[in-house]
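Thanks for passing this one along. Here are some notes to read with the structure open beside you.

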Amino acid sequence: MLPKIPRPHRDDVFLAVVSVLAGLLLWSLGVYSSGDRHLLPDWAALVPLLALGAMELLRRSLPNVTLAVGTAGIIADQFTVGNLATVLIFTDLMYAAVVYGKPPMARRLPVTTGLITVAVTIASVAWLRTPQALLIGVVTGLVGFGPALTGATLRNHREAAVAARLRAEQTALLAEMDREQAVTAERARMARELHDMVANHLSAIAIHSTAALSIDRPDTSREALGVIRENSVQGLSEMRRLIGLLRDAGAAREAVASPSLDALDALVGQAGANGAASGLEFVLRDGRPGREGAAPVPAPVELAAYRIVQESLTNALKHAVPGTVTVGVAYGGGLLTVAVDSPYGEGSGPRAPGSGAGLIGMRERAELLGGRFTAGPAGTVWRVRALLPADERAVEA
């Protein structure tokens, strides 16, 4: 079964028709490229012309075949009276072989035709020993080396354009991936902030509302409602602050509004008020940076430490049994240490439900800064430990 011949391109059909018609016109007018050759009849010049003209139809799809047939045809044309159109068709076949051929052939043809041009020039001068012999080398270069070099130049430009387009597409893809990762990271950060800010107040509200419903005494209900109102107002204030930051997206405002370790006294005091109904006491050990000449820590580390303490106090309100909750913050050796110990066991007082998202958020905060976080029971104590790098260079890295 014969292989299927590819359908020629319409431009190739146009080139073939025009080239053959031009060659027939020159032959009919008696215009030959070498009129002193009469080894064969004049009509023999039409055979290479028609053969090469047919090859124009396959110049894109089968460049290696067309070049082989074209080379045989141009050699055969030298034994006839010759036709200028045959020579021009061969130059186009050489050009097409470099442009549309396989890469190895496209690399070899300019070198091969260049060497053939040099060899023909040297052989012509050595044989004829006249300056006019150089014209043979020039014509050989124009017919073979010139088209091959032109095709190689065009192919190199095309390949460079394709490579540049691929790099641009890859860059755009990487930029889109970076944007998606940034959006995902920002959503996770917003979720942590929202959870840490609101969970503490909502836990206190849930605990005191449960206490008010379970204990039918006016003074207890009034006290619980007061705590509920206070936490509701503070929770709304925190929500408004976060919404304002999201709307304005101002870095300066965010830095000012972010809580710091200086607010731990108020945070622990609020937790004490919220946990009184559950029999919890809260103690803050004074070992924080910024006091007694200690070096300050970067703002991201302060915010992470504050949120870890806040979430630990929230978890204590939810799950701790009556007892003392100890909060400690210390600085030393380039590390900020956060330690929260709360009574651990089965309690019967009012408790708020929890989903475990707080532990995940605390671990993410520590790991994002290159620190370490652990949380778990240690006997009768639930122990939370966070080691955060307090060096500015470590945080930037």
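1. A word on terms before the overview: helices (H or I, at least four residues) and strands (E, at least two) are DSSP runs, numbered from the N terminus. On that basis the protein has twelve helices and five strands. Please keep in mind that this is a predicted model.

2. Of the 397 residues in the protein, 38% are buried. The accessible surface is about 22,500 Å², and carbon and sulfur atoms hold 64% of that surface. If you take the contacts between residues at least 6 apart in sequence, 74% of them join residues at least 24 apart.

3. The largest pocket deserves a look. Its space amounts to about 760 Å³. The lining is made of 26 residues, and those closest to the pocket centre are Ile-74, Gln-78, Val-139, Thr-140 and Val-143. Two or more lining residues come from each of helix 3 (63-77), helix 4 (84-100), helix 5 (103-128) and helix 6.

4. Next, Arg-158, which sits in helix 6 (residues 134-214). Which residues does Arg-158 contact, once neighbours within four places in sequence are left aside? The partners are Val-99 and Tyr-100. In sequence, Arg-158 and Val-99 are 59 residues apart, while their C-alpha atoms are 9.4 Å apart in space.

5. You will find Arg-129 in the loop between helix 5 and helix 6. Its phi is positive, about 55 degrees, although Arg-129 is not a glycine. Is Arg-129 buried or exposed? With a relative accessibility of 71%, Arg-129 counts as exposed, because the cut-off for exposed is over 50%.

6. Last, the hairpin. Strand 4 (residues 372-378) and strand 5 (residues 381-389) run antiparallel and are joined by seven bridges. Within this pairing, Phe-373 of strand 4 stands opposite Ala-386 in strand 5. Two residues lie between the strands of the hairpin, and Gly-379 in the turn has a positive phi of about 75 degrees. When you look along the strands, recall that in a regular strand the side chains alternate between the two faces of the sheet.

Notes
Residues are numbered from 1 along each chain as its sequence is written. This is a predicted model: local features need pLDDT of at least 70, side-chain atom pairs count only at pLDDT 80 or more; totals for chains, interfaces and linings use all residues. Side-chain values use heavy atoms; hydrogens and water are left out. Two strands pair if DSSP finds at least two bridges between them. Contact means heavy atoms within 4.5 Å. On a 1 Å grid over the protein atoms alone, a cavity is a set of points where a 1.4 Å probe fits but cannot get out, and a pocket is an open set with protein on both sides within 12 Å along at least five of seven lines; lining residues have an atom within 4 Å of a point. Grid points are joined across faces, edges and corners, and a volume is the space filled by probe spheres set on the points. Buried means under 20% relative accessible area, exposed over 50%, partly exposed in between (1.4 Å probe, protein chains only). Accessible areas come from the Shrake-Rupley method with a 1.4 Å probe; for residues, only the protein chains shown count as cover.
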